[in-house]
Amino acid sequence: MTLIRPPAIAGTFYPAAPDQLQSEIDGLIHAAVEAETKGDAPIPKAIIVPHAGLMFSGAIAGLGFATVRALKGIVKRIVIIGPAHRMAFQGIALAKADGFATPLGDLRCDLAALQTALALPQVQVLDDAHRMEHGLEIELPFIQRLFGEDADIGIVPLLVSRCAARQVHEVIEALWGGPETLIVISSDLSHFHDYDTAQRMDDHTRQMIERFDAESIDTNDACGALPVAGMLMSARKRSMRIKTLGMRNSGDVTGDKSRVVGYGAWAIYTGTEKMRDPNAAGNASASTGDPAGGTGGSTGKSTGGGFVGATEQLLTDQGAAMIDLARRSILHGIAHGRPLEVDPSTVSPALLAQGACFVTLKKAGQLRGCIGSVMAHRDLANDICINAFKAGFGDPRFPQLQENELNDDLELSISVLSPPRDFPFENEADLIAKLTPFEDGIILSDGNRRGLFLPQVWEQLPEPAAFLAHLKRKAGLSMDYWSDHMRAQRFVTRGISGTDIAPTGFWNT
């Protein structure tokens, strides 16, 4: 028996009549093609497109789909990843279906690819999440009209709820394929702000996307923040290129600018194609009346994604030196009772820039000390030395480190922190829903009470509700406490461990 997921939004988000739907989709793609700069057009590996009703975001979605029309006859698999709107769950969900239907016919699911995804622990089968979901279905008529309703193309529809962006990235990597595989990321931008605020927010999101800054994008910036971030991680890893195709919001369509939703489209290229001049007359962004202005996009290769890219490069270049500073500061503490003082002439200038870090000690896998800086207020080299000393000798939860503990059972690691960013929420349930396991570091405060969890804490507390409850306890509050004055800030980290440098004999090197 063949299981087909029936259309849920025909007649609302798009026309239910096949001939009307064909006409509308064809018109949107034609308008997008007409808006393109003429000449050699590169073909993206992936596109990011919106998922509102066709009258609101169809023109912007058309810009994205028009860039892949040359894949007709080549593409055999389309991975579609978007956020779950109808229900919250842990991880990523596929539907128990052999195909998805629209008024234009059925699109078969690539069952082999879905099994590949299902082999990952963060992926599950959850029909209820797909039953009334619009974020994937709205993209299907574009695929059918662009490549043909009878084309032998398998789709891989995946909904993302509570997980880490890196877990979405893992799914994308598993399904990457070759030229036969196209990736479609479905996401709108900001929601329900006034027109001017939405423009500012969406332009900031554009900048983050063009910088491949996956870790800074959150659900306030885009409802599909996790799918977008997962895709940007893959693009950054491969030194891909990205181009903003167009942006607008619902106020540009309806004229009501009091509470709008933002839309944008991007094309992501492998980095080997010849790119069109984004400043050429008639480029797609300008010709669609982009309200942000000047968002033609970045055609350069990824520079590494802001804090994350710069920190990963720092750890590659200076990680061994950073670990050695922490190790020597602890040895200096054993001998002299104070942290190592850094001689600026002996360290790289990169470590003399301001930075914030936490230093963690574990004994036989159990926490033995952890002290750090939330905000950068001194050079990173000295921050490492001071925090390493405090982790060994100043953490009030543990006795001072003894020389006989310096053996292979004692592990040392350094986490470099991004600047904390306000993490708004409406209530406790909303905060829990917005937490991203294994990625978010959170600072929670209420009055003079404050607690901080590094992202590593998710390894012990993988459930968002438990993570938050224990964070409240760390802040000196009861685990069931809540108030309207609660505030949260989010940060991310990148780190390195002594075992990465010397798995054995670390304290003797």
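Mentor: Contact here means heavy atoms within 4.5 Å, and by that rule Ser415 touches Ala356, Cys357, Phe358, Gln456, Thr493, Arg494 and Gly495, once residues up to four places away in sequence are set aside. The model is predicted, with local features requiring pLDDT of at least 70 and side-chain atom pairs pLDDT 80 or more, whereas totals for chains, interfaces and linings use all residues. Residues are numbered from 1 along each chain as its sequence is written, and side-chain values use heavy atoms, with hydrogens and water left out.

Trainee: Why is Ser415 called buried?

Mentor: Buried means under 20% relative accessible area, exposed means over 50%, and partly exposed lies in between, with a 1.4 Å probe and protein chains only. Ser415 has a relative accessible area of 3%, so the residue falls in the buried class. Ser415 is found in strand S15; strands are DSSP runs of E with at least two residues, helices are runs of H or I with at least four, and both are numbered from the N terminus.

Trainee: What makes the pairing of Ser415 with Gln456 a polar contact?

Mentor: A polar contact is a pair of N or O atoms within 3.5 Å; within protein, one must be able to donate a hydrogen and the other to accept it, and residues adjacent in sequence count only if both atoms are side-chain atoms. The side chains of Ser415 and Gln456 make such a contact at 2.7 Å.

Trainee: How do you know that Glu312 and Arg494 form a salt bridge?

Mentor: A salt bridge needs a side-chain nitrogen of Lys or Arg within 4 Å of a carboxyl oxygen of Asp or Glu. The closest N and O atoms of Glu312 and Arg494 are 3.2 Å apart, so the pair meets that rule. Arg494 also forms a salt bridge with Glu439, at 3.8 Å; that pair links distant parts of the chain, Arg494 in strand S20 and Glu439 in the loop between helix H13 (428-434) and strand S17 (441-446), 55 residues apart. Arg494 and Glu439 are both buried, whereas Glu312, at 33% relative accessibility, counts as partly exposed.

Trainee: Which residues are linked with Arg494 in a network of salt bridges?

Mentor: The network joins Glu215, Arg236, Glu312, Glu439 and Arg494. Glu215, which lies in the loop between helix H7 (195-210) and helix H8 (225-237), makes side-chain polar contacts with Arg236 at 3.1 Å and with Arg494 at 2.9 Å. At 3% relative accessibility, Glu215 counts as buried.

Trainee: What area is buried between domain 2 and domain 3?

Mentor: The domain bounds, which come from an automatic or database assignment, are 306-418 for domain 2 and 421-494 for domain 3. The contact takes 14 residues from domain 2 and nine residues from domain 3. Buried area is the accessible area (1.4 Å probe) that two parts lose on being put together, summed over both, and here the value is about 950 Å², of which carbon and sulfur atoms give 64%. Val374, Ser415 and Ser418 supply 37% of the area that domain 2 buries against domain 3, more than any other three residues.

Trainee: How many salt bridges and how many polar residue pairs are found between domain 2 and domain 3?

Mentor: The count is one salt bridge, and four residue pairs are in polar contact across the interface, both residues being at pLDDT 80 or more.
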